[in-house]
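Please keep the sequence and the model in view.

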Amino acid sequence: MLNYIWFGMMAISVVAGIFTGKIDAVTEAAINMSRLAVEISIGLIGIMALWLGIMKIAEASGLIKIIARGLRPITIRLFPDVPEDHPAIGSIVLNMAANMLGLGNAATPLGLKAMAELQELNPQKDTATNAMVMFLAINTSSVQLIVPATVVALMGVAVSQIFITTILATLCSTITAIFMVRMLQKMKRFSVENAS
Amino acid sequence: MIESFVESLNFGSKFIIPLLLVGIPMYALSVRKVKVYEVFVEGAKDGFSIAVRIIPYLVAILVAVGMFRASGALDLLLNFLSPVLVFIGFPPENLPLALMRPLSGSGSLGLLTDLVNQHGADSLTAKIGATMFGSSETTFYVLAVYFGSVSISRSRHALIAGLTADAVGALSAVYFCKLLLT
């Protein structure tokens with residue numbers, strides 16, 4: 001899947017770039033973005049270390065287990081393959097909480113911790129599990145309940161009007177994500193054996 | 001009433017991180033006698049390796065997205081899609097943002113800024129745009145970072161599910177704004 005989309009995006013870009021006369025910009029974008037990717041990754045080190053450290057404390061104190069147990073009725077439906085007491089559930093719940101509150105800086109490290117813990121349960125290390133895809137889809141559909149700070153700054157007083165529309169739209173996209181994952185994971189072409 | 005609620009929510013969210021940074025170690029130290037400093041350092045060690053592991057995945061995705069944006073392919077796609085979407089009542093001014101949102105966070109923020117500057121924050125166009133922006137995520141980036149961090153290259157149905165959710169999110173942003181704000 002990603003093989004075709006990734007190649008397709010680049011191939012279309014080169015063809016379109018030739019047609020629109022923007023081929024120089026395409027080259028420049030490729031070089032600049034590869035640099036940006038490294039800058040973003042390196043920039044994550046500090047914030048990752050901070051939250052992973054705090055999370056380790058939360059884990060050692062038993063806090064994560066308490067949170068995971070409390071929300072088990074919901075998570076068991078979304079992630080039936082993950083054992084009840086697995087630490088991944090705690091990280092998933094905390095990642096979603098951080099996302100809902102608009103704490104992007106905390107959400108990413110928590111999400112990556114959850115991925116690492118889900119990977120422990122994965123028999124085929126280069127292929128995503130059902131639980132991982134569900135977790136990712138919920139993340140990409142955004143479960144944010146607070147309007148992002150950048151939008152607040154842009155919209156000024158009008159921001160109070162989009163508060164409810166944002167929650168409703170988020171709700172629709174998240175429900176769609178869950179529904180799609182459930183439906184697609186049963187299809188043969190997306191099975192672990194045929195994965196791409 | 002909604003104004004003050006939104007204000008207090010945004011105000012309250014400023015305190016969450018500081019409270020977590022102090023509250024979690026405080027609980028651990030006082031209730032469980034956890035050696036908080038030692039445990040913190042132990043956990044923080046993984047920060048570097050995870051961040052470095054993401055690099056190749058992020059390079060692959062961001063380069064493709066960057067090329068796509070720079071080539072004008074997005075505009076071609078726009079021309080191709082707009083007759084269909086206008087037919088179902090999708091406002092053409094919001095279409096670039098809807099297409100950009102899953103590809104690039106900074107790109108879509110730039111487009112939203114344009115919408116607000118051109119039409120004013122009080123316009124329906126800006127409100128639809130802001131709703132779209134707030135109700136979805138940069139799908140390609142999240143995919144690269146999350147799967148990259150555990151070295152997964154076979155993502156199965158994750159992208160399709162994510163993009164479908166983005167499309168439904170954009171459509172429902174239009175629908176709810178038209179329904180509730182006009």
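Which residue follows α7(A), and what is its phi? The residue is S142(A), and its phi is positive, near 65 degrees.

The model is predicted: local features need pLDDT of at least 70 and side-chain atom pairs count only at pLDDT 80 or more, while totals for chains, interfaces and linings use all residues. Residues are numbered from 1 along each chain as its sequence is written, chains are lettered from A and ligands numbered from 1 in the order in which they are written, and side-chain values use heavy atoms, with hydrogens and water left out.

Chain A contains 9 helices and 0 strands, where helices (H or I, at least four residues) and strands (E, at least two) are DSSP runs numbered from the N terminus. Along the principal axes, its C-alpha atoms fill a box of roughly 60 × 50 × 35 Å. Of the 196 residues of chain A, 53% are buried, that is, under 20% relative accessible area with a 1.4 Å probe, counting protein chains only. Among contacts (heavy atoms within 4.5 Å) in chain A with a separation of 6 or more, 60% join residues 24 or more positions apart.

Helix α7 of chain A, residues 130-140, is largely enclosed by the rest of the structure, because 10 of its 11 residues are buried. Including M132(A), F135(A) and N139(A), these buried residues pack against α4 (72-78), α5 (87-100), α6 (104-120) and α9 (159-184) of chain A. They also pack against α8 (139-149) and α9 (158-181) of chain B.

Conventions:
Buried means under 20% relative accessible area, exposed over 50%, partly exposed in between (1.4 Å probe, protein chains only).
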